[in-house]
Protein chains: 2
Amino acid sequence: MISIDRPTADLGDVRVTNRAAVLRHVRRHAPCSRADVAARTGLNKATVSSLVGELIEHGLLRETGLTENRVGRPATMLVLDGARYVGLGLRVGADELVAVAAGLGGDPVLTWRRAFPAATAGPEETVKALAALTRRAVTRVTGAERTVLGLTVAVPGLVDADGDVPAAPALGWRGVPLAAALRRALRDPGFPLTVDSEANLAVLAEQRHGPYAGTADLVHLTGGPVIGAGLISGGRLLRGSRGFAGDIGHLPLAADGPPCACGRRGCLTALLGVDAVIGRLLPDAGPVTDHLPEIERIQALARAGDEPVRTGLTEIGRLLGQAASVLAGLLDPDVVVVGGHLAALAPWLLPAAHAELAARTPVPPGVRLEASTLGSAAGALGGATAALATVEAGRLPAG
Amino acid sequence: MISIDRPTADLGDVRVTNRAAVLRHVRRHAPCSRADVAARTGLNKATVSSLVGELIEHGLLRETGLTENRVGRPATMLVLDGARYVGLGLRVGADELVAVAAGLGGDPVLTWRRAFPAATAGPEETVKALAALTRRAVTRVTGAERTVLGLTVAVPGLVDADGDVPAAPALGWRGVPLAAALRRALRDPGFPLTVDSEANLAVLAEQRHGPYAGTADLVHLTGGPVIGAGLISGGRLLRGSRGFAGDIGHLPLAADGPPCACGRRGCLTALLGVDAVIGRLLPDAGPVTDHLPEIERIQALARAGDEPVRTGLTEIGRLLGQAASVLAGLLDPDVVVVGGHLAALAPWLLPAAHAELAARTPVPPGVRLEASTLGSAAGALGGATAALATVEAGRLPAG
């Protein structure tokens with residue numbers, strides 16, 4: 001049983017809370033004036049001026065030359081300042097590593113991809129590769145006069161609160177103490193290092209930086225070898241008691257479906273995972289280690305009107321709609337966003353998925369089901385965002 | 001798109017937050033001394049003394065004669081004071097109305113049941129019956145020198161933020177503006193009146209007053225004609241974008257299962273709803289309006305070792321385990337609690353359900369699956385609890 005005592009508050013907390021409210025307002029409404037911030041947050045103007053001054057001094061906000069068209073004195077406009085601080089996010093994919101460095105506003109100052117077979121290389125080699133990538137990214141970022149405030153690594157699997165990975169079937173990993181191993185490999189990087197599930201970080205990226213930024217009830221379904229879900233409900237990421245929430249890969253969809261690695265048949269992953277989709281639509285492909293070219297082949301065939309591929313995509317779309325209807329019923333989100341290969345194949349999957357979802361949703365207007373626009377960097381961008389969480393929450397950087 | 005701006009804070013909020021922390025501590029650890037409260041909440045002793053004094057003055061805490069065995073001066077012990085204020089909860093079941101009045105500690109000062117066929121009577125007659133029950137309960141409570149702080153009505157179905165019920169299939173209701181109608185029938189009751197789903201209120205009751213009180217990640221599966229889920233994640237009730245979260249009744253479990261009211265086959269409700277269970281285990285029962293005697297017949301047959309009933313219960317238990325595994329994967333709760341007829345039949349359902357759940361849960365130790373001990377009053381007790389929410393959150397009653 002986990003304690004749910006929320007912390008008590010003191011006067012310092014008030015300032016932190018209000019600083020976070022100012023940052024949040026500027027994120028959503030920039031460029032905006034101090035007067036706008038005061039009007040929309042309910043804080044008085046003197047408090048806003050003091051908080052904004054502090055945030056400018058610490059390099060979290062900056063003034064632009066813009067002024068607003070209004071009666072009276074022109075106002076100086078505020079935007080988030082991404083120049084001084086960045087968060088660093090890494091993503092361990094089945095066939096690539098991705099690194100993103102981004103400031104508070106989410107504009108990547110660096111996006112690197114490196115082909116890397118994490119599944120066959122194993123955890124030890126992967127940690128080495130992640131450490132090397134981190135060192136290079138930190139060198140690049142600090143060379144540009146920026147400070148890294150933290151690093152968060154996205155892993156497609158279950159991640160506990162210590163950053164251990166008890167199971168990541170998409171990588172064939174079990175019981176990997178990833179955070180500890182990467183900290184050791186980096187020998188005190190000088191900033192906090194955490195690990196989280198790719199699904200959690202992808203939905204965080206959507207919620208902050210995608211077209212659905214600000215949506216309070218949002219689900220991201222990751223593509224890839226194993227389907228996972230990142231869940232935001234009431235504006236908050238759901239983690240569950242052990243941190244394993246969003247493990248939707250074994251949702252039973254078809255009792256007579258294809259066999260799943262878990263020993264049963266017709267699980268979501270066995271039907272919609274990237275290997276299942278390629279296996280079904282390109283029966284000649286054989287076992288695939290590099291998925292992207294095969295997904296591009298499927299896209300080309302679908303565009304050319306290939307009948308078996310089109311029919312297969314429609315059937316897969318129906319199953320996607322069925323899975324989305326379970327999420328819609330249980331969590332009542334505004335939007336379910338699909339990523340990875342499901343986003344790449346969205347033009348052919350979503351029409352059937354929408355029809356299925358509408359048929360299964362009892363009370364209109366229901367949830368929207370959309371393709372992610374963040375691409376395969378979503379998890380890494382979410383990692384960079386998560387690495388800035390303490391600043392977003394109103395704490396000032398130490399530097 | 002719903003705004004997720006959290007409110008800013010001011011000095012008054014600090015006091016409210018800390019008052020709520022004191023109440024929460026006393027709820028969980030009573031009897032306890034002011035020094036205990038200070039030690040465990042991190043507040044200084046002068047602040048605790050001031051807050052406790054105020055809470056005693058307003059009838060929310062009281063001192064007991066008890067003292068602690070400790071070195072030094074014996075301490076006066078504190079408990080929640082249920083004598084002055086109560087919340088009122090009503091539950092609209094398929095075949096009964098339940099009223100509960102309870103103080104902050106959750107001890108019911110009144111529990112009334114009234115046989116009432118809400119499904120056949122229709123919304124208008126049900127509102128009349130609820131209004132009459134409310135008036136009698138208020139008279140009883142105020143006659144005992146207590147003040148009603150609010151009323152919350154539990155309805156088995158979808159309830160929106162205005163207290164409208166767009167759909168309650170268990171009652172055959174569609175588009176019933178219940179909160180507005182009941183407010184009209186009561187002609188300004190003098191306290192706030194809200195409506196929520198039975199599943200939400202039942203899980204709130206479990207989280208506050210049941211053996212799982214304080215569990216941060218908790219799911220309650222309601223029994224009855226339609227299976228619904230109340231979801232608490234990270235200590236917070238999940239509502240979703242329109243307030244419809246927890247609608248799990250059409251989770252597809254068996255493509256070749258019995259037909260569901262929704263037009264498909266093998267939905268959770270079509271397999272595990274009370275009518276489905278009675279229909280399967282007592283094929284001679286015909287359509288049932290009063291479920292309790294039939295459930296008691298099933299219990300008697302199971303106790304007597306009736307082979308078809310036992311086998312049927314095992315198969316139903318397996319399906320329950322399958323549904324619980326979906327919830328366990330998606331939300332990673334500590335406990336899934338089942339209520340209604342599922343609790344009544346738990347001795348025969350849970351062994352098979354546990355086996356199925358264990359087989360489907362990838363990483364041990366998994367979720368627990370248990371029977372509710374709160375009985376059919378759970379929703380009403382949750383309503384009484386919800387009616388005290390503003391006080392629990394640290395606001396003082398006006399009186």
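The following dialogue discusses how to read the fold and the chain interface of a predicted model.

User: Which conventions apply to this model?

Analyst: The model is predicted, so local features need pLDDT of at least 70 and side-chain atom pairs count only at pLDDT 80 or more, while totals for chains, interfaces and linings use all residues. Residues are numbered from 1 along each chain as its sequence is written, chains are lettered from A and ligands numbered from 1 in the order in which they are written, and side-chain values use heavy atoms, with hydrogens and water left out.

User: How many helices and strands does chain A have, and what radius of gyration?

Analyst: Helices (H or I, at least four residues) and strands (E, at least two) are DSSP runs, numbered from the N terminus. Chain A has 14 helices and 15 strands. The radius of gyration is taken over C-alpha atoms, and the globule rule is 2.2 Å times the number of residues to the power 0.38. For the 399 residues of chain A, a compact globule would have a value near 21 Å, and the 22 Å of chain A agrees with this.

User: Which strands form the open sheet in chain B?

Analyst: Two strands pair if DSSP finds at least two bridges between them. In chain B, five strands form an open sheet in the order β13-β12-β11-β14-β15, with mixed pairing. Its edge strands are β13 (236-237) and β15 (368-371), each pairing on one side only. Strands β12(B) and β13(B) run antiparallel and are joined by two bridges; B:Ile232 stands opposite B:Leu237 in β13(B).

User: Which residue takes a positive phi in the hairpin of β8(A) and β9(A)?

Analyst: Strands β8 (residues 165-168) and β9 (residues 173-176) of chain A pair in the antiparallel sense over three bridges. A:Ala168 has A:Trp173 in β9(A) as its bridge partner. Four residues lie between the strands, and A:Gly172 takes a positive phi near 70°.

User: How many residues are in contact between chain B and chain A, and what area do the chains bury?

Analyst: Contact means heavy atoms within 4.5 Å. By this rule, 65 residues of chain B are in contact with 65 residues of chain A. Buried area is the accessible area (1.4 Å probe) that two parts lose on being put together, summed over both. Between them the chains bury about 5400 Å², 53% of it on carbon and sulfur atoms.

User: How many salt bridges does the rule find across the interface?

Analyst: A salt bridge is a side-chain nitrogen of Lys or Arg within 4 Å of a carboxyl oxygen of Asp or Glu. The rule finds two across the interface of chain B and chain A. A:Arg242 forms a salt bridge with B:Asp332, with the closest N and O atoms 2.9 Å apart.
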